[in-house]
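Dear colleague,

I am passing on the structure we spoke of, and would be glad if you could look through it alongside the notes below.

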Amino acid sequence: MAVQTLEAPAGAERWQMLAVRARRRRRLTDSLLIGFLVTVSVPIILPYFWMLTISVSAKTGGVESVVLWRASGVLVPAVVAFGLLRLFVEGRRLLWGGLMIAAIALVALLLLVGQDLHAQNYRFLWNPDIVADIRGRATAEAQFPSVWVAFRNSLALAVTQTALVLTVSTLAGYYLSRFQFPGRSGFLQGLLVLHAFPAMTLIIPIFLLMYWSGLLDTLTGVILVIATLELPFAIFIMKGFFDAVPWDIEMSAMTDGASRRQAFLQVVLPQVKVGMLAVGVFAFIKGWEEYVFVRTLLFEKQNWVMSLYIFWVSEDIMGVDYGIVAAVAVFYILPSLLLYIFCQKYLVQMTLGGIKG
Amino acid sequence: MARIELRGIRKQWGAVVAVEDMNLVIEDGEFVAILGPSGCGKSTTLFMLAGIYMPTAGDLLFDGARVNEVEAKDRNVGIVFQSYALYPHMNVKRNIMFPLKFKGVPREEAERLALEAARMVRVEELLERMPAQLSGGQQQRVALARALVKKPQLLLLDEPLSNLDAALRLSMRSEIKRLQRETGITTVLVTHDQIEATTMADRIVVMRTGRIEQIGTAEDLYRRPDSLFVASFIGAPPINLVEGEAADGRLRVGELTLELRGDVAGAVVLGLRPESIALDGAGIPARVVDVEPMGRETLLLLDTPMGPLRVLQGGASVPYREGDQLGLTFAPQDSILFDRETERRLADVHAAPPKA
Amino acid sequence: MAVRQRVNALIFLGPASLLLFFFFIAPVVVDLFVAFTDMGRTLKVTEFTTENFERMLTRDRRLSQTLAITFVYVLSTLAVFNVTFGLILALVTTQVPDRIGGFFRAVWLLPRMSPSVIYALLWAWVIDPNERGLLNQILMNTVGVGPIDLMNDRPMLLIVLANGFIGASMGMIIFTSAIRAIPQHLFYAAAADGAGRLAIVWHITLPAIRWPLSFITVYQTLSLLVSFEYIWLITDGGPFYDTTVYALYVYKRAFENGQYAYGAALALVLVAIGIALALLMWRFFDMKRLLQQPRIEVH
């Protein structure tokens, strides 16, 4: 091995060589690794950036690709410059340097692409009948609902679904974690199978059940289905959080005179707030983005949610107007993106919680 | 074997400074203990010696050559962790042979060396076991064998005994000391246990919040602590510390006036070891408040004009009871005086009991 | 006491049991039932028959092609992205400083957190066969080839890429947490024992993530087998039937051709595989911890 070939030079010289080699190798591997990560991540970031570019610059004509590359030409050096800056300075000077870079980038952006940017594609926000806008009112009236109808439906679906998942899984998680009852281990093991079992395979019988029970093409039906399919996972997460609450505090609440229900509400529940937040955020994002089940179970235009809306809009007018589709897409992705950015810590925990059981 | 030197070493993470301006020379073949409460930077120092952390500033020298940036794998140091850090998926033999893999030692030779190392720490019967099947003491020995098998120039021990029970700790203490003597490897022990440090090491480095408080032998630390911190950290039961005012060759402590030997004035702290206070009928009057038998010795809590004092008496039982009145005295050279402002020891200053 | 116990069970476990029964257990039974009928577009059952299974086994020519496509799709996505690339991402992001690693993990999780319709739209804009497509812009401006039409020329590659970009993040997260769970001292010990970066990965990291590795393999095989959302949205199984994987085929038979009974019979295969793999996944759970006994006996 390397160490032995280096045995020859004595003492100080040898240490010197090792130090130089270590420094070189460390810099090399670090830059190689980060270089690798940047390279493989560009294909992910670029399409999102492309969508944003289209939404703020597309007119009819090919102007937006110029905007994309000019903007990249400004932003990439700016990000690299900030990265280098962080290596050498810190604290207040980093802040000032960062602001300076941001200011320069902003000016450069304005100069290079400023005249190509416009908010026209977002006109659906105040003029929600977008297809009417493009094709004329007569043809469109019958085809597309207002974007706000879809938005309201999506919000209703996501919020109700979240509340349902949260309530049911918290109750069940607590009971499974803290109560002894006949069939407990059987119930838990069955739940474990459901938790790993792919619900997507049941879409045909679920459709039939909805049809028979008259819940087909109602938001209520979809909410019940989506919430239920989230349940096994959510129950396990909540059970995990309840498992982690020390028994002592519950015992002490009971010696202080609380019943188990009171102890649950007043003492145990506040301990699992983080878990409830994680389950809630996750359920909301799931409800907000759901596609396959809503596509299968909802038909009537007044029942469309955002995913259906944007799907049909893109099917219908993608060839005519890129820009407006991109703008609706940005509008649709924003809530989940913001939630993801702000609750990332909890969401990662959720993904893990899935296997930790 | 190596002579280790730290010159102005500092280690910080962001704004947090873990070690500050550390200067220390460890002679070839020496056994040095770094002693301090948790969070004092002793483990950080150890990890810098190992090459796991890199100093933020200063020079770390092995045999006079700067090794700051030499990686752990090139330093040829052996290290034993508090958790032992045995590789859980390898049996004992493969654990011990692991370091040799990277030195290009041929397989038969490696097996021979591993067996030798295992014999040295008396685990040769456990070679095929997995770490999970070993007791704490056995894991400890395997970790030692793994650290020693590559004949390191520096052996680092990070709280190696703290996970063992009391009896085992005692035997491992002498075992490690024996191994160090036999191999002559320069050794650094990190511990928060003063007994461990004083019984095993040639010299002790006391650290506090990232800085060295004092370097010295066990006796230095006990008799001539440089600071209030060292005085109170070393010795069990802890030293008595009473505040006083020095003026005109006299020391006023509580309601008592002591005589001063040496030149000092102002606010001071008087330190008296519980074991250096003698009891007899005469001297400073005291009343017994509590008697705590400690096995071979007995600790008395006394109420005196200087304030409450702890006094250690030999023997499992003593002829004193709560409420007894008695007198105490001490030898002037056993008293230690500190400047209350700087908390440093006042050299060549002592206090003496008032003449009867 | 017994009454209180029953009321508690009803309050706490009742809602979950009810929902799970109606939308999880009942569908399995319904599927089993419908598979043996002749239910068609009208959703009426006129007779009970094993005709669906005979058709599946003997007459459905499309089926064997679908199975071959599914095999290629699952195997290549799994091998290249979900396991291998997920592992690479986990290893690399844990080697660089934590903030940087965390940032890149967040980037790779982004597609998983985006609505699937949007994700499909992104792909549509990327692979647009004319010169406006992002991929073609890049190819034409840098290499000077193109425009290419991925959708029609390399549809398999397209669906493997599209699913792989999402699939890799699951492995990445699981492996990252497994690597994080390795005691730091082991890495220190190995470094002091002379192991370099690669040797540490080989001797310390990889042995410690054997279990997560097999978990991810089983789990992702199952998800790839049953999910068709992205394929449906991006290629719609086409061109022709070239990217119609089994799960999508089942869906189309039922909802596009109105052959609900035949779809149910086809789905039965997936249900069986799903239950089998779900049972296999029991092995990855810490049963003892899961079934830990409650310590308060009062209800």
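The notes that follow go from the chain contacts to the domains, then to the salt bridges and a surface patch.

Please keep in mind throughout that this is a predicted model.

I begin with the contact between chain A and chain C, which takes 111 residues from chain A and 101 residues from chain C. Together the two chains bury about 9900 Å² between them, and 77% of that area lies on carbon and sulfur atoms. The count of salt bridges between chain A and chain C is one, and in it Asp30(A) pairs with Arg197(C), with the closest N and O atoms 3.1 Å apart.

Within chain A there are two parts to consider, namely domain 1 (13-118) and domain 2 (129-347). Their centres, taken over C-alpha atoms, are separated by 36 Å, and eight residues of domain 1 of chain A are in contact with eight residues of domain 2 of chain A. The area buried between these two domains of chain A is about 570 Å², with carbon and sulfur atoms giving 86% of it. Of the area that domain 1 of chain A buries against domain 2 of chain A, 63% is supplied by Met51(A), Ile54(A) and Ser55(A), which is more than any other three residues supply. Across this interface of domain 1 and domain 2 of chain A, zero salt bridges are found.

Chain B has a secondary structure of nine helices and 21 strands, and its C-alpha atoms fill a box of roughly 80 × 45 × 35 Å along the principal axes. Of the 356 residues in chain B, 53% are buried. The accessible surface of chain B comes to about 15000 Å², with 48% belonging to carbon and sulfur atoms. Among the contacts in chain B between residues at least 6 apart in sequence, 65% join residues at least 24 apart.

Over all chains, the count comes to 43 salt bridges. One of them joins the side chains of Arg178(A) and Glu250(A) at 2.8 Å, N to O; Arg178(A) lies in helix α7 (residues 147-178) of chain A and Glu250(A) in helix α11 (residues 247-255) of chain A, so this pair ties together parts that are 72 residues apart in sequence. Both Arg178(A) and Glu250(A) are buried.

In chain B, Arg141(B) and Glu175(B) form a salt bridge whose closest N and O atoms are 3.0 Å apart. Because Arg141(B) lies in helix α5 (residues 136-148) and Glu175(B) in helix α6 (residues 166-183) of chain B, the pair ties together parts that are 34 residues apart in sequence. Arg141(B) is buried, with a relative accessible area of 15%, and Glu175(B) is likewise buried, with a relative accessible area of 7%.

A further salt bridge in chain B is that of Glu343(B) with Arg208(B), at 4.0 Å, N to O. Glu343(B) counts as partly exposed at 31% relative accessibility, and Arg208(B) counts as partly exposed at 30%. There is also a network, in which salt bridges that share partners join Arg21(A), Arg25(A), Glu71(B), Lys73(B) and Asp74(B).

Last, a nonpolar surface patch of about 670 Å² is made by Tyr211(A), Trp212(A), Leu32(C), Phe33(C), Phe36(C), Val45(C) and Phe48(C). Both α9 (203-213) of chain A and α1 (2-35) of chain C supply at least two residues of this patch. Phe48(C) is placed in the loop between α1 and α2 (51-59) of chain C, and because its relative accessibility is 58%, Phe48(C) counts as exposed.

Note on methods:
Residues numbered from 1 in each chain as written. Chains lettered and ligands numbered in written order. Predicted model: local features only at pLDDT ≥ 70, side-chain atom pairs only at ≥ 80, totals over all residues. Heavy atoms only, no water. Patch = residues over 30% accessible without salt bridge, like charges linked within 9 Å, V, L, I, M, F, W, Y side chains within 5 Å. Areas by Shrake-Rupley, 256 points an atom, 1.4 Å probe, with all protein chains shown as cover. Helix = DSSP H or I, 4+ residues; strand = E, 2+ residues; numbered from the N terminus. Buried < 20%, exposed > 50% of the residue type's maximum accessible area, 1.4 Å probe, protein only. Domains from an automatic or database assignment. Contact = heavy atoms within 4.5 Å. Buried area = accessible area lost by both parts, 1.4 Å probe.
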